[in-house]
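User: Could you walk me through the charged contacts in this model? I would like to learn how each label is decided.
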Amino acid sequence: MPMKSPPTITHQQKQVTVVDGKPVFYEPPELKAARAKLMAHLGQHVPARKYTGAVRLTVKWCFPITGKHVDGEYKYTSPDAGNSNKLLEDCMEDLGYYKNDAQIASLIVEKFWAKLPGIYIKIEEL
């Protein structure tokens, strides 16, 4: 999914407030925007049938090149790959790629600097 700028906010950035003495978790506007962006892009690629068994998910997060970085160089700065991927996995579940993200038995996540930014995903039945 080529995109000008993949989301950099992560699932971990939910906020909490207290209502009637009880904690209530909510998504700040930036997280809602990232979820909407992912849902819009992923919604164009929903498989004809939902995966029902174990799957391998390979995800390559490609960010616009900045500074002295070169195309294809591994990105080892924020955002955290695991937390970024959790939001992606949840969106894929909500759209019907699979019944539950617990089906992901094998997960490969990489981050790169790239001339063509976006999120590139391969999903395979195991």
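User: How many salt bridges does a search of the whole structure find?

Analyst: The search finds six salt bridges. This is a predicted model, where local features need pLDDT of at least 70 and side-chain atom pairs count only at pLDDT 80 or more, while totals for chains, interfaces and linings use all residues. Residues are numbered from 1 along each chain as its sequence is written, and side-chain values use heavy atoms, leaving out hydrogens and water.

User: What makes Glu 110 and Lys 60 a salt bridge?

Analyst: A salt bridge needs a side-chain nitrogen of Lys or Arg within 4 Å of a carboxyl oxygen of Asp or Glu. For Glu 110 and Lys 60, the N to O distance is 2.4 Å, so the pair qualifies.

User: Why is Glu 110 called buried?

Analyst: Buried means under 20% relative accessible area, exposed over 50%, and partly exposed in between (1.4 Å probe, protein chains only). Glu 110 has 19%, so the residue counts as buried.

User: Is Asp 94 buried or exposed?

Analyst: Asp 94 has 52% relative accessibility, so the label is exposed. Arg 35, at 17%, counts as buried.
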